[in-house]
Each structure stands twice: as C-alpha cells, then as structure tokens.
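I opened the model to look up a few things and noted each one as I went. The entries follow.

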Amino acid sequence: MGTRTLATYADLEDVPPTKVGEIIEGELVVSPRPASRHTRAASKLGAFLDGPFDQGVDGPGGWFILKEPELRFLKSGDALVPNITAWRRERMPYMPNVPYFSLVPDWVCEVVSDVTLAWDRSPKMRVYARAGVEWLWFIDPLAEGLELHRLQDGQ
C-alpha cells in the first residue's frame, strides 16, 4: 500500500482564482465558485446579521462577521473557506489585516449545495468541532432550510 501525501498550505497557491480550494483532513478539495442561489443565501444572511450583530444597529453588536474568509487551523493543517464566519469582539478585539485567519471563529455558516454537501456535513463539521467552533449553521437554499448545531462538551 502506498502512503498518501497530505496536502499543505502551499498546495492552495496552485488553485485557480475561479475555484475554492480547501484542505480538509489532509486532502486538497477544489470546488467551483458558488452558484447564484448559494451566493444569494449567504449574501442575504450576511446582510441580515451585519446591522444588529456587527454594527450594533438595533441589536447587541459585539461581533465581526465576514463572508468567505480563509480559516487555517494550524494544529491540524486544515484550511477551510466557510460562507459566513463570525468572531466575538471579546476574543478578537480588532479586525486584523491578514490574508487568512488562524483564530478559531465562534460561529460558522455553510450554505450547502449538491457539490459541497458531503464535505460540509461530514469532514468539515469534524474539523470545526475539533477546533472548538461553538456554533455551526447549515443553510440549504433549495430546500429553504436552516439547521443549527452547537458544540457542547466537545461534540
């Protein structure tokens, strides 16, 4: 049996800009850019959350919310690009000027599609749990559904 070579952050540099490259549990995964319904669902949710949670307009504030940031989990070597991500400002008091984030987010939202569903709901979900992401949401724009997960006691 041959040994599998694990993907590295350097492998992401070879991914064309028209694609999304991620390292999920050691494997380089290249996906097409999101389709229109997928993008619209992420955009609408981001816009809905921005005022009350990021800006504090008619809401609690206290969060930084970003669309499609690259997250690098340095302990595991994973690199993920969730659709929407948020950090509590008490954990990230200012927005750093960086190409990727190594601080684990507090909340992640993945907009699922036929192309990403298997990755989103299995290996990416495990990566988020191992890293300690407290909240993980899945939005299905075709089924018009929202699924919420909260990490408790490491699960």
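I started with a definition: the bend at a residue is the angle between axes fitted to the seven residues ending there and the seven starting there. Helices (H or I, at least four residues) and strands (E, at least two) are DSSP runs, numbered from the N terminus.

The model is predicted, so I noted that local features need pLDDT of at least 70 and side-chain atom pairs count only at pLDDT 80 or more, while totals for chains, interfaces and linings use all residues. Residues are numbered from 1 along each chain as its sequence is written, and side-chain values use heavy atoms, with hydrogens and water left out.

Entry: helix α3.
I looked up where α3 bends and found about 40 degrees at lysine 124. The helix has 15 residues and reaches 20 Å from its first C-alpha to its last, close to the 21 Å expected at 1.5 Å a residue; the expected span is 1.5 Å times one less than the number of residues. For burial I used relative accessible area with a 1.4 Å probe and protein chains only: buried is under 20%, exposed over 50%, and partly exposed in between. In α3, Asp120, Pro123, Lys124, Val127 and Tyr128 are buried. These buried residues pack against β1, β4 (71-73), β5 (78-80), β7 and β8 (135-140), where contact means heavy atoms within 4.5 Å. Glycine 132 follows α3 and has a positive phi, near 100 degrees.

Glutamate 25 has phi near 50 degrees, which is positive in a residue other than glycine. I found glutamate 25 in the loop between β1 and β2, and it counts as partly exposed because its relative accessibility is 29%. Aspartate 58 also is not a glycine, and its phi is positive at about 55 degrees. Aspartate 58 sits in the loop between α2 and β3 (63-67) and counts as exposed because its relative accessibility is 80%.

Entry: alanine 7.
Is alanine 7 buried or exposed? Alanine 7 counts as buried because its relative accessibility is 14%. I located alanine 7 in the segment before α1 (9-12). Leaving aside neighbours within four places in sequence, alanine 7 is in contact with Ile23, Gly26, Glu27 and Leu28. From alanine 7 to glutamate 25 I read 18 residues in sequence and 8.9 Å in space, C-alpha to C-alpha.
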